[in-house]
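Open the model in your viewer and keep the selection panel handy. We will walk from one selection to the next.

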Amino acid sequence: MEGTIFPNKPIPSTINPSTTTTTPTLIKFSSTSLPLPPDSQPPPSFPLDSLLHHLSSSPTNHHNNNKHLPINPKTKTQFTPIRISNKRQLHQLNAKKPTSVAVLERDLDIQEGNISNGFLSNQGKFVFDSIKELAFEDLIAFFDSVKFQLLDVDLISLLRELDVSGDWKKGLLLFEWCLSSSENVKFENGVLDMIVRILGRESQHGIASKLFDRIAIEDYELDVRSYTTILHAYCRTGKYRRAIVIYDDMKKKGLSPTLVTYNVMLDVYGKMGRSWSKILELLDEMRSKKLEFDEFTCSTVISACGRDGLLDEAKAFFKDLKKHGYTPGTVTYNALLQVFGKAGVYAEALSILKEMEQNNCPADSVTYNELVAACARSGFYEEGASVIKNMISKGKKPDTVTYTTLIDAYGRAGSVDKALQLLEQMKELGCVPNVCTYNAVLAMLGKNSRPEEMLKILHDMKLQDCHPNRVTWNTMLSACGNRGVREYVDRVLSQMRSCGFEPDRDTFNTLISAYGRCGSDIDFSKIYEEMVSAGFTPSVTTYNALLNALSRRGDWKRAETVFFDMMRKGFKPSDTSYATMLHSYAKGGNLVGIEKIGNEIYDGRIFPSWMLLRSLVLANFKCRSLKGTETAFHEFQKNGYKPDLVLYNSILSIYAKNNMHDQAHEILDMIKSNGLKPDLFTHNNLMDMYARAGECWKAKEILDGLLSSGEVKPDLVSYNTVIKGFCRQGLMQDALTIFSEMTLRGIRPCIFTYNTFVSGYAGQGMFTEIDEVIKYMTEHNCRPNELTYKIVVDAYCKERKYGEAMDFVSKIKEIDDSFDDWSVQRLASRVRENLDS
């Protein structure tokens, strides 16, 4: 067969063609003529104690890197900036601040002169000097001791002098003490303006939002800049509805929003989601006031489209911008790249990059990072690696985000070794991995059950002085969930808390997934209550975690209930939501459910992303729907996505199972032409195809080819498939020869192997040989199951040897006294039914 990796099939023979000139030696199923099967190996141990030791050995205060930031002894408030630690925000680590944010901070600094400097009295100077000299932990006691003197001090001037002298944290503590010292405290407007300015300048958004929650802001006459800073703080901390209330209050007071204010509110609605109509209202309002959009305006609106999957709206908005004379900059192009990259539309991402080059708009590291992400989400992993090479050739150094994105993509594709090689390349080129990089690698190794390498990565983190964060612990929870042992999950959670990491919303989501993998029944209402009591509310990710847990059981009915409940509560299902439902239907064998989602994708009601179409192919494949698998695969290709090896193997497998040899070889050619290497699953499918078609020698040639090449090591499935092919043709001696080779290579036969031989002998009425197989497997710690005995009973009945069949059934308990009586009765009833028919 020209163009294939295998030679033409030899003429079928009852013996191996290589031994046609000699008399073959008969092999019997006995310990004297067959090599002993290797002992069963216990599953590899999971070094949980060592992993926990590495994770816990870092000082607990390292996880936030804020030793220099104070804590109010009364309120336990820590003055800590927001840290970016999740992959979705990775690109922001190295991105320049958008123009409007920079303008916001600069304007606030300029406005410092608008706040009364005041004049410190002698008493004020005494308080100021005392605060400067005292340690932070002694300040609360000092404030309490001079409470009445503080009431007479010009607080605005005191706070300003502390800020100018570099002690803004002590000033902030003084303000909080004042706020806590009286129930009905009312500050001068200038005091609040000063605190707002300080918190905005120092990016203390978390503290700001908590403080402003305690202050009746509507009772103060703040300027628009202070309002904008407060809105920004609420946006950064996810308190979007509170920001909307403050914004409405600002407008009621007659204050006119500036460009910066509008940009912040666009960001609020964009991050809140499902608010496209509100965004359009704000844009119309900005146009009516003749405010010119800047890069922050444009990129924020486009990013909002990306979050809600509004690709058409993003394109229309971008086109309208250019139509009205706006020249997009790098930040705007990057936002558009992220929209299509997130959706996995690689072709569109490339066209955006081309437009940037044509317009002489310089690409920065974020541009390339988004392009790598687009490649990864579209399945173009090697193209993603080429982007890195292209960056280097253009004199742009790939950063940590670039490498982490591709490492994570390789991990999701199962290319663990490539991901580890990229990690080493990254370090060799002087790019130091950060905690996000290590978390991506740990997640990949945990998913692929490689605990020893996880230990090495944790050790490497120590050497790089890179301390685990909450995401690292969440990753370890997930890895323990993959092991399917709930005790491991509970131990990690306990150790995580003892190291000072209280669960956040992502932790709760991870726990749902981990317990689901352990087969534990999930009480969603209980987890919901725990999340709420910890200050978190369920998100789409929470629902997706629960859907994933249910999909593992194939409980599609409960999954549907959760899915509809999510929609009823106003959450928009993500690609992951739909993909998980597809897997749930596939596991439960519900082809109708798969077809329903498939039709919504084909009709355009659901965007045909890379993830969704890939999941649709796999779901149809699992349900053995040839038509559904083909349709989804063609739709995947039509959308310009690049299939990975998993998809190619799935379509090849379904062709093989349907004896569609030509189509299977077309897929094999596509695998090779796309630069992919057939793996063991590919070869096993080809062997199965030939075994089903009665071409057992062809299957054997593939097996021999694997052994001689040494690139792919055959497994138990490989040998079982070839053995099955020979047994179906009645070539039992050849099957025994392969069995012997298998055991010599250290592969232990399983119940399927033995049942295949029992079935082969049964087909030829060789009952003595059947007894030998059962005796051999019992001697070597493989108990016959009900199927084993059923095959034998059916063979006796086929030969009309009903008496021998009943005798065989009556002796089963002698062979295996653990075989239950009910199963014996079922077999006896089977004989009687055959006798009566």
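Begin with cysteine 178, which counts as buried because its relative accessibility is 12%, under the 20% cut-off. Next select cysteine 305, also buried, with a relative accessible area of 0%. The model has zero disulfides.

A word on confidence before going further: this is a predicted model, with an average pLDDT of 82 and 86% of the residues scoring at least 70. Colour by pLDDT and look at residues 1-23, where the score stays under 50 and the model has 35 contacts beyond four places in sequence. Residues 59-118 also stay under 50, with 117 such contacts.

Centre on leucine 158: beyond its neighbours within four places in sequence, its contacts include Leu120, Phe128, Ile131 and Leu174.

Which residue forms a salt bridge with aspartate 167? Select lysine 132: the closest N and O atoms of the pair are 2.8 Å apart. Aspartate 167 sits in the loop between α6 and α7 and lysine 132 in helix α3, so the pair ties together parts 35 residues apart in sequence. Aspartate 167 is buried, at 17%, whereas lysine 132 is partly exposed, at 33%.

Move on to glutamate 355 and lysine 322, whose side chains meet in a salt bridge at 2.9 Å, N to O. This pair links helix α17 with helix α15. Finally, select Asp163, Arg197, Arg201 and Glu202, which salt bridges with shared partners join into one network. In total, the structure holds 35 salt bridges.

Key
Residues are numbered from 1 along each chain as its sequence is written. This is a predicted model: local features need pLDDT of at least 70, side-chain atom pairs count only at pLDDT 80 or more; totals for chains, interfaces and linings use all residues. Side-chain values use heavy atoms; hydrogens and water are left out. A disulfide is a pair of cysteine sulfur atoms within 2.5 Å. Buried means under 20% relative accessible area, exposed over 50%, partly exposed in between (1.4 Å probe, protein chains only). Contact means heavy atoms within 4.5 Å. pLDDT is the predictor's confidence in each residue, from 0 to 100. A salt bridge is a side-chain nitrogen of Lys or Arg within 4 Å of a carboxyl oxygen of Asp or Glu. Helices (H or I, at least four residues) and strands (E, at least two) are DSSP runs, numbered from the N terminus.
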